Amino acid sequence: MAMLAAAPIHLDIERVLLTEAQIQQRVRELGAQLSADYAGRTLTLVGVFAGATLFLADLIRAIDPTLKVHLDVVGVSSYGAGKTSNGRPTITQMPELLMFGRDVVLVEDIIDTGTTVAFLREQFQMVFGARSVRVCALLDKQPQLCRADYLGFACDPEFVVGYGLDYAEGYRGLSYVGVLKSRVYQTA
Ligand code: PRP
């Protein structure tokens, strides 16, 4: 069988921060950790749409298939088309599933200011009545604040895109995470 050539790095990417192989390896580890921690229980995975959808799709496949997993998404946004948070998240799409009494793992692509996960944790517990809420994030820009119960990677405070992360809705489909060239957003 012919080998597929690796896709070239996007011209707007300064450097690759996490390769596809590094991401997939870490996702497998996180899946194994979740499988052990939730063994014998029913888990509800709720991904934050749209950024976490790639991570969510890979994560559920890395979880022990004998575990029953409810899958859902919540839409929340505080960035609009810009690159800085306005600090006021709003739910733009309600989860389909009832969370009452359930063990929920909120799946995020990245934690930056922490506003989104703090807001959703509170909503899931206080409004939707989840029994427990843990956070599984691929990236955290301030990991010392311990905002994720399960964390893929610490991330320097750079503007990163790819593997679900966007800039003005671009770059989400990259299979790696890369630092965006500053000229892209400085000229926008
Ligand atoms: C991004 C990201 C997180 C959030 C993190 O979402 O996907 O949900 O920002 O930032 P915070 O920790 O400062 O709250 P965004 O609002 O850009 O929406 P998107 O997922 O649709 O890109």
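I take a polar contact as a pair of N or O atoms within 3.5 Å; within protein, one must be able to donate a hydrogen and the other to accept it, and residues adjacent in sequence count only if both atoms are side-chain atoms. The model is predicted, so I keep to the record's limits: local features need pLDDT of at least 70, side-chain atom pairs count only at pLDDT 80 or more, and totals for chains, interfaces and linings use all residues. Residues are numbered from 1 along each chain as its sequence is written, and side-chain values use heavy atoms, with hydrogens and water left out.

**Entry 1: ligand site**

Which residues come nearest to the ligand? I find Glu 108, Asp 109, Asp 112, Thr 113 and Thr 116, out of 17 residues around the ligand. A residue counts as near if one of its heavy atoms lies within 4 Å.

Asp 109 places a polar side-chain atom 2.7 Å from a ligand oxygen atom. For Asp 166, a polar side-chain atom lies 2.9 Å from an oxygen atom of the ligand. Ala 50 uses a backbone N or O atom instead, 3.4 Å from a ligand oxygen atom. The ligand taken alone exposes 500 Å², and the protein buries 91% of that. I used accessible areas from the Shrake-Rupley method with a 1.4 Å probe.

I sorted the shell by residue class: five nonpolar, seven polar and five charged. Here Ala, Val, Leu, Ile, Met, Phe, Trp, Tyr, Cys and Pro are nonpolar, Asp, Glu, Lys and Arg charged, and the others, Gly among them, polar.

Next came the elements. Helices (H or I, at least four residues) and strands (E, at least two) are DSSP runs, numbered from the N terminus. β5 (103-111) and α3 (115-127) each supply at least two shell residues. β5 gives the most, with four residues.

**Entry 2: the six-stranded sheet**

I read the strand order as β4-β3-β2-β5-β6-β7, an open sheet with mixed pairing. Two strands pair if DSSP finds at least two bridges between them. β4 (90-93) and β7 (150-154) are the edges; each has a single partner strand, so one side of each lacks a neighbour in the sheet. Neighbouring strands are turned by 30 degrees against each other on average, direction ignored. I fitted axes as lines to C-alpha atoms, for helices over the stretch in contact; angles run from 0 to 180 degrees between N-to-C directions.

β2 (43-49) and β5 run parallel and are joined by five bridges. Leu 45 has Val 105 in β5 as its bridge partner. α3 packs on this sheet and touches β2, β3 (69-77), β4, β5 and β6 (132-140). I counted contact as heavy atoms within 4.5 Å. The direction of α3 makes about 165 degrees with that of β5.

**Entry 3: the three-stranded sheet**

This open sheet has the order β1-β9-β8, with antiparallel pairing. β1 (13-18) and β8 (160-161) each have a single partner strand, so one side of each is left without a neighbour in the sheet. Four bridges join β1 to β9; Arg 15 has Val 179 in β9 as its bridge partner. β8 pairs with β9 (177-180) over two bridges.

Most residues other than glycine have a negative phi, and most peptide bonds are trans. I found the bond from Phe 49 to Ala 50 cis, with omega near 5 degrees. Ala 50 sits in the loop between β2 and α2 (53-61). Cys 146, not a glycine, has a positive phi of about 50 degrees. Cys 146 lies in the loop between β6 and β7.
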